[in-house]
Amino acid sequence: MKMLVVTALSSVFVFAGVFLLWRRARHRAATPAARIHRALPRDAATGLSNRQGFLERGQQLLAHAGERAVAIVLVDIGPEAPLGRMGDIAPAIAAALPAEMPTGMIQPTQFACIVMLDPYSPEAADRVAGRIVSLLGQHDDSAARGATIGLARSDRDGGSLDGLVEAAATAAGVARSDGIRSLWFAQEMAARQRARDTIAHSLPDAIESGAIAPYFEPVIDLHSGELLGFEVLARWEHPVHGLITPAHFLDIARESSAISDLTLSVMRQALLAARDWDGRLILAVNFAVSQLRDPWLAQKVIRLLTELGYPPARLEIELTEGALMDPHGIAGSIVESLKAQGVRVALDDFGTGVSSLTHLRALPFDRIKIDHSIVTRVMEDPARASIAAAILRLGESLNLPIIAEGIETAQNADRMRAMGCSIGQGYLFGQPMNLMQTRRMLAEQRLIPSAVTTRRLAG
């Protein structure tokens, strides 16, 4: 009897040992993705993996990739996109991708996925990027349609997943700067990134010192040729690198939250210079989307006008549709506060976004500006000509003057004039000018009092 019990117990122990070994082997055989899929940190806005969870999962896949390469496909909607917009876009993209494909949020404006590249299928990441481009094009949102895609792969661009994500983000940023939908990372982009880092480091001092100065682009009556005012643009007058255009520092300012200080600094310089110009001339200043989230913005502008003694009616604030559609912004109250003080407000880049009619009816705009991408091609593109004509009819029905941006040729001017547009700006009427050049032009047109002209041109 004792022998039977011992035998039975031995069998139990053997079975238990075999079962434990089987459990361990099964655990080791599980795919890395399956093992770490549980309890990944989540992004609250989208429900997808957050940056930490995405990197953890991806690094595990990278460690077990073997002969395969790991590719990152990163979607960036840009720093000017309304806050929280990825909450709608990213889940829709993730739902359209294969269920086993790791996805996650890298930043509030960046979504990424991981594609395993087999030697016999090296184009898999390009196909995924193409699929995402198609999905973005179907999305009824200007932020989605303006998104760019960066790609990077482990066999060319680095060994850590964090490095691959940064490489893909760099490629997406370069794509945005170059006006391209998607780009693979290349090593020369790293040099561009270092240049961006240098600019970012120097930016606060440049703003504080006034090295980023106002330039003035003329706004003209298309029928009489009369100068109506200027759009104020920013140019960085660097002591070493010369004149730096906005394309090289505005995105950096937006990303670093320096855009508000930059805008107010340039506006202060412009208003201070223009106080004694002809009272009919209006200065237009662009405000970024992120600035429309500042509840004190209207007060800051009004305080500046009071301090400088600049008439509010001679200032026009330009807002884009993206600012108006930001669910976290307070554009409506800001517009109403500025209007109550006599400041003019224009809707900029019109014709490139959505939900425009709602905002036009709800907010008291003074003017609409047709986006330059429409105006510059109005001669050769019937579709853009139709859009321009529709905007002009809309402006007429709402009793809102229309400004055509980007008039570069006499043919453009003639076409817009024939369509009923009465105000224009663009290189046909002059390149943006620094303060001295602007004063000289105003003096020639007798739009500065002679005593002021003599004193300032001499100084």
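Pro 91 is partly exposed, with 25% relative accessible area (buried means under 20%, exposed over 50%, partly exposed in between, using a 1.4 Å probe and protein chains only). Before you click on, note that this is a predicted model, where local features need pLDDT of at least 70, side-chain atom pairs count only at pLDDT 80 or more, and totals for chains, interfaces and linings use all residues. Residues are numbered from 1 along each chain as its sequence is written, and side-chain values use heavy atoms, leaving out hydrogens and water.

**Stop 1: around Pro 91.** Select residues 86-96 to see helix H4, which holds Pro 91. Helices (H or I, at least four residues) and strands (E, at least two) are DSSP runs, numbered from the N terminus. Next, pick Met 105, 14 residues away along the chain; its C-alpha atom is 9.8 Å from that of Pro 91.

**Stop 2: a pair of helices.** Select H12 (residues 297-308) and H14 (residues 331-340), whose axes come within 9 Å and cross at roughly 25 degrees. The axes are lines fitted to C-alpha atoms, for helices over the stretch in contact, and angles run from 0 to 180 degrees between N-to-C directions. That makes H12 roughly parallel to H14 (angles under 35 degrees count as roughly parallel, over 145 as roughly antiparallel, 65 to 115 as roughly perpendicular and the rest as oblique). Show the side chains of Leu 297, Ala 298, Val 301 and Ile 302 on H12, and of Ile 334, Ser 337 and Leu 338 on H14, to see the residues that make the contact.

**Stop 3: Glu 318.** Where does Glu 318 lie? Select residues 315-320, and you will find Glu 318 in strand S10. Is Glu 318 buried or exposed? With 1% relative accessibility, Glu 318 counts as buried. Among the residues that Glu 318 touches, not counting those up to four places away in sequence, are Glu 231, Phe 287, Asp 348 and Lys 369.

**Last stop: the whole chain.** Zoom out to see the protein chain, with its 20 helices and 14 strands. Buried residues make up 48% of its 459 residues.

Note on methods. Contact = heavy atoms within 4.5 Å.
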